Amino acid sequence: MKKTILSLIVLVMACLGTAFAQKPDSLLVVPPELEEEHDEADSTLMLVRPIDTVDTDDRYVKIILFNDHTWDYIELERPDIDTTGLFEDWDIESIHAYRDVKISDLPASVDLLLVDSAHHFVAPIIGRRSSTFKYRKGRPHNGIDIPLRVGDTIRSPFDGVVRYVGGGKATGGYGNLVVIRHPNGLETYYGHLSERLVVENDLVAAGDPIGLGGSTGRSTGPHLHFETRYMGKPFDPERVINFDNGTLRDTLLTIKNHYFNVGSHYGMTDKQSKGATAAQYYKVKKGDTLGKIAKQHHTTVNALCKLNGITPKKVLRIGQRLRVR
Ligand SMILES: [Zn+2]
């Protein structure tokens, strides 16, 4: 899309250039006897040329400035987004939408078409993930982490509309965060950004820059925290994108109800995924130790550590959820 917009600007500029170049023709008629003295540099000064473009509040409308101090609006091609149903549960104030929807309310399986001949895919960023969708230190890690350099461009993978943009205290661990809703209902989250390049309700096309990579929020180094959610429920982003080579797994994404669990990963069989979803959790109370919790749940400290990605020396927090099965 970026390429399309750029080439459109170039095309419009070229057309304007030609149009204006023809207008002052009469001024450029030089008597033959003077032709040799005519300075070529002078003649180009007389042409009206676009010299700059300026952004407006609407990212698809730009102002073109000309070298004769005049200006004009130019409207860029807007992404062709089917917004039917896209604005259901639309909430630009909260990080998460669909807060009243429970996983049990969702169908057993839903098919989302990700791309077609008119709507393509661009990898948000390509890189080796440093953390996957899983329980990490006893907390659910609802996305995947891709290390990057501060300032790396993050792009929207599909066409969509920006639902939420925030930072600071409002987003907590996410740091600077952008959430995009795509026409098929999928939402994508981009955390720890150094810069946010879009605002709420912006239309974005696949490949449009939406932010720059950073390390804001709860982050130990520059990386992108990327989430995929359907009806507000996170599932493993690797079910959608192969980040190793920046390609889509498939043009059609089938989301099964048992995917909405941090224990369920891309590559698992349905049986394994359902088993992970049947997991049971225990909320840590005052005075609990790993040994005590293990005994209560007829398991071992080692098994608890493995399930929760912690070590036996882990200090438990009151209220922390531990997976026990
Ligand atoms: Zn993360």
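Colleague: Which residue takes a positive phi in the hairpin of E2 and E3?
Modeller: His-69 does, with phi near 70 degrees, and the hairpin has 4 residues between its strands. The model is predicted: local features need pLDDT of at least 70, side-chain atom pairs count only at pLDDT 80 or more, and totals for chains, interfaces and linings use all residues. Residues are numbered from 1 along each chain as its sequence is written. Strands are DSSP runs (E, at least two residues), numbered from the N terminus.

Colleague: How many bridges join E2 to E3?
Modeller: E2 (residues 61-66) runs antiparallel to E3 and is joined to it by 5 bridges. Two strands count as paired if DSSP finds at least two bridges between them. In E3, Trp-71 is the bridge partner of Leu-65.

Colleague: What is the strand order in that sheet?
Modeller: E1-E2-E3, an open sheet of 3 strands with antiparallel pairing. E1 (50-55) and E3 are at the edges with a single partner strand each, so one side of each has no neighbour in the sheet. Between E1 and E2, which run antiparallel, there are 5 bridges, and Thr-53 stands opposite Ile-64 in E2.

Colleague: Changing topic, which strands form the open sheet with E14?
Modeller: E8 and E12; the order is E8-E14-E12, with antiparallel pairing. E8 (153-155) and E12 (195-196) stand at its edges, each with a single partner strand, so one side of each is left without a neighbour in the sheet.

Colleague: What stands opposite Arg-196?
Modeller: Gly-211 in E14. E12 and E14 (residues 209-212) pair over 2 bridges, in the antiparallel sense.
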